[in-house]
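User: I've got a new model open and I'd like to talk it through. Can you walk me through what's in there, one piece at a time?

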There are 2 protein chains.
Amino acid sequence: MMVEVLSIGNELLMGKTVNTNASWIADRVTRLGGLIRRITVIGDDLDEIASALKEAALRGAKLIITTGGLGPTHDDKTMEGIARALNVPLELNEEALRMLEAKVRVRAPQVRKMAYLPRGAKPLQNPVGAAPGALVKLGEASIVALPGVPSEMKAMFELHVEPLIKEGAEEAFYEAEATLIGIYEADLAPIMEEVLKRDPTLYIKSHPKLEGGVSIVKLHVACRSLNLEEGKRKVEEALKHILGIAKAKGARVEES
Amino acid sequence: MMVEVLSIGNELLMGKTVNTNASWIADRVTRLGGLIRRITVIGDDLDEIASALKEAALRGAKLIITTGGLGPTHDDKTMEGIARALNVPLELNEEALRMLEAKVRVRAPQVRKMAYLPRGAKPLQNPVGAAPGALVKLGEASIVALPGVPSEMKAMFELHVEPLIKEGAEEAFYEAEATLIGIYEADLAPIMEEVLKRDPTLYIKSHPKLEGGVSIVKLHVACRSLNLEEGKRKVEEALKHILGIAKAKGARVEES
């Protein structure tokens, strides 16, 4: 199941906010067996939102998760941007209005705005904050709009997005890590290449760093497969093989 | 000066790594007067790298900063991806080889690989690590390839990218923040809208949170203008106006 994340907010483009929402979602989606293809960060701009959504759908994403832009202020434009991508009007959604009224006094137009969804959207309950989310279809893709406030986003992801991914993901994901101390990444590269040549379904990544003049490489091995047991076996065999050679080359190993 | 960031690495798409590189770059570029239009995160995939670069150039980016994928391992594919976007071969760059040889023993092909750049690229010195960066042109856009290791990326940004932005940026950026305690975002929204209607060149953003049942709104006001003094005056006047009304509505204000 191919998934894209669309993070919406000028504060992200100005570097005021680190995009921890995207990494949290990416971690969850990966563990649930989904595949994140791309994460796109754009500003609070209607044309940018609409075109980024259409681009993701054209790339074949089955699920597009947006975060941010659902609040009451002038620059919260996500619902309007989604409506523009779908070429439908934004209209008051009665179910969203009831969700909102259960949370806050809906008097000011700025508050009422949060109940305006693209025509045909399914409103999604926000168990933590006020603004409801929305689920819509754009061609083959489902778009889920979540708030940018992390606690609200996480609660809504678990409630509304996890079931969609569990239902859609056909693959299982298994991963393992190890830390190798006293060996250079360039010395590991040929071993990693050899293992990957034998089994291209594996994912192997090394993260080098230097601490007090000692080279440390964090190694991450993962596998996406139809069968979790098979993936686990492949990952463990590959890791054992690499660590064996690394030890023979003098590295100290910490498995995690 | 319109700038895009392209963050390359499967670990970002799997949520193993939080993209602090992108927010650090976004903050620096903004303060230097550049405008970040989009941040795109993709995996270590040649076609993805090539197409993401071409898309950014088509959107009118004058500078595209890539991070990641310059190391010695099988999945470090950024230089090859850039070559594909430019439709030129990857070839051994003698200057890059000299930079590399000054740092490490270049014997294994995996190490030598780091001196292969797209034909016509200008190698960029890495004062911290081994892998050189590169500067190339793609139509109107300059592409600067930086490593993913934060300490290397930051040193190379300061050395090679800052001068490009200072030269290209025609605008100055000024910003100020305040924290409003005991007021709801929805109550601030109409004031913010009114200020923005009077001066659409301002940027105003509110970040709400709830702490111990008390609503707290962090307010961020910024302005991009040809003249720093003018931007400063606009930001200070707008902030003073909003804070005055917020105080009259019972909010406590902490300026920062």
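User: Which strands of chain B does helix 9 of chain B lie across, and at about what angle does it run to strand 9 of chain B?

Analyst: This is a predicted model, so to speak of local features we need pLDDT of at least 70, side-chain atom pairs count only at pLDDT 80 or more, and totals for chains, interfaces and linings use all residues. Residues are numbered from 1 along each chain as its sequence is written, with chains lettered from A and ligands numbered from 1 in the order in which they are written. Helix 9 (residues 228-248) of chain B lies across strand 9, strand 10, strand 11 and strand 12 of chain B; helices (H or I, at least four residues) and strands (E, at least two) are DSSP runs, numbered from the N terminus. With axes as lines fitted to C-alpha atoms, for helices over the stretch in contact, and angles from 0 to 180 degrees between N-to-C directions, the angle to strand 9 of chain B is about 15°.

User: In what order do the 4 strands of that open sheet in chain B come?

Analyst: The pairing is antiparallel, and two strands count as paired if DSSP finds at least two bridges between them. Strand 10 (202-211) and strand 12 (252-255) of chain B are the edge strands, each pairing on one side only. Neighbouring strands are turned by 20° against each other on average, direction ignored. The order in chain B is 10-11-9-12.

User: Which residue is the bridge partner of Glu177(B)?

Analyst: Look at strand 9 (residues 172-181) and strand 11 (residues 214-225) of chain B, which pair in the antiparallel sense over 10 bridges. The partner sits in strand 11 of chain B, and is His220(B).

User: Which residue in the turn of the hairpin of strand 10 and strand 11 of chain A has a positive phi?

Analyst: These two strands of chain A pair in the antiparallel sense over 10 bridges, and His207(A) stands opposite Lys218(A) in strand 11 of chain A. The hairpin has 2 residues between its strands. The one with a phi of about 55° is Gly212(A).

User: Where are the edges of the open sheet of 12 strands?

Analyst: Its order is 6(A)-7(A)-8(A)-3(A)-1(A)-2(A)-2(B)-1(B)-3(B)-8(B)-7(B)-6(B), with mixed pairing. Each edge strand pairs on one side only. They are strand 6 (122-124) of chain A and strand 6 (122-124) of chain B.

User: What is the bridge partner of Val41(A) in strand 2 of chain B?

Analyst: Strand 2 of chain A and strand 2 (residues 35-42) of chain B pair in the antiparallel sense over 3 bridges. The partner of Val41(A) is Ile39(B).

User: How many residues does the contact take from each chain?

Analyst: Two residues are in contact if their C-beta atoms, placed from the backbone, lie within 7 Å. Elements giving two or more residues to chain A's side include helix 2 (20-31), helix 8 (185-198) and strand 10 (202-211) of chain A. The count is 41 residues from chain A and 41 residues from chain B.

User: Where in chain A is confidence lowest?

Analyst: pLDDT is the predictor's confidence in each residue, from 0 to 100. The mean for chain A is 93, with 100% of its residues at 70 or more. Confidence is highest in strand 3 (residues 63-67) of chain A, at 98. The lowest mean, 88, belongs to helix 6 of chain A.
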